[in-house]
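Thanks for coming, everyone. Let me put the structure up on the screen, and then we can walk through it together.

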Amino acid sequence: MEVVSKVRLKLLVNKTNNKVLFAEAGKDFVDFLFYILSLPVGAVVKVLKKDNMGGSLGELYQSIEALSETYIQPNQRKSSVLNPKSPICSLGIPIRQMPDNESKPGKFYTCSNCLYSGICHVSDVPNVPCPRCNVRMKSEASYVPPGTASRAAQVPEVGFVKGVVSYMVKGNLEVTPMSTISCITLLNKFNIKDLGSVEERVTNFGIVEV
């Protein structure tokens, strides 16, 4: 697992009351928020949400429910964080979650005549006699996972969400894709008429902040 020690966040702050309106976050930070719900906490939040007791995590839960599958990695499902059955990673809480959840296949063996005869028999037990030529099957075969050819051309992104866009993270932890319209809507919600009253600040989010 790769762990990023610090993640940069752009904060839009109302200078009048020094209040953070929202944060512009990249894939790293949003992956971390998704990781929080991949823990059993997600199951707890789901129960609390029914009684309107989820708080900020409840808001995060609802925003992930509403997030379009378009922004989710092809090999991931929102259900893994909304309805977690077990922790995705037991190695601690990373800033950026990059586990390899794919189960590794066992070893397979074939006989030495396989390359020459063009007919191969495979066994998951070594030294079994080949049913065709009776030579012991002890040559380890290479396992090729499905879709390897397509993945070789383009290495897939890791984590939960795609990095093609920035994301807006509100004070209640609600996550939405960043857009000009969403920014304007939020500024209107906070009754911000003078853009000079807001400023952008860059902060680093790390393990201490977690």
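This is a predicted model: local features need pLDDT of at least 70, side-chain atom pairs count only at pLDDT 80 or more; totals for chains, interfaces and linings use all residues.

Let's start with A25, which stands opposite Y167 in β7. The strands involved here are β2 and β7, which pair in the antiparallel sense over four bridges.

Now, which residue of β8 does Y167 stand opposite? That would be P177. Strand β8 covers residues 175–177, and its pairing with β7 is antiparallel too, over three bridges.

Let me step back for the overall counts. The protein chain has seven helices and nine strands. Of its 210 residues, 32% count as buried. If we take contacts between residues at least 6 apart in sequence, 65% of them join residues at least 24 apart.

On to the helices. At what angle do α1 and α3 pack? Helix α1, residues 27–38, and helix α3, residues 55–66, cross at about 105 degrees, and their axes are 11 Å apart. An angle of 65 to 115 degrees counts as roughly perpendicular, so that is how α1 sits relative to α3. On the α1 side, the residues at this contact are L33, F34, I36 and L37, and they meet L57, L60, Y61 and I64 of α3. Sorted by class, the contact has eight nonpolar residues, with no polar and no charged ones.

That brings me to the interior. In soluble globular proteins, nonpolar side chains tend to be buried together. Here, the largest nonpolar core has 27 residues, and F29 and F34 are the ones with the most contacts inside it. Who contributes to this core? At least two residues each come from β1, β2, α1, α3, α4 and β7. The largest share is from α1, with seven residues.

Setting aside neighbours within four places in sequence, F34 is in contact with I64, L67, I72, V81, F160 and V161.

Finally, there is a second, separate core of nine residues, including L21, M168, L186 and I192.

Key. Residues are numbered from 1 along each chain as its sequence is written. Side-chain values use heavy atoms; hydrogens and water are left out. Axes are lines fitted to C-alpha atoms, for helices over the stretch in contact, and angles run from 0 to 180 degrees between N-to-C directions. Angles under 35 degrees count as roughly parallel, over 145 as roughly antiparallel, 65 to 115 as roughly perpendicular and the rest as oblique. Contact means heavy atoms within 4.5 Å. Ala, Val, Leu, Ile, Met, Phe, Trp, Tyr, Cys and Pro count as nonpolar, Asp, Glu, Lys and Arg as charged, and the others, Gly among them, as polar. A nonpolar core is a set of buried Ala, Val, Leu, Ile, Met, Phe, Trp, Tyr and Cys residues joined through side-chain atoms within 4.5 Å. Buried means under 20% relative accessible area, exposed over 50%, partly exposed in between (1.4 Å probe, protein chains only). Two strands pair if DSSP finds at least two bridges between them.
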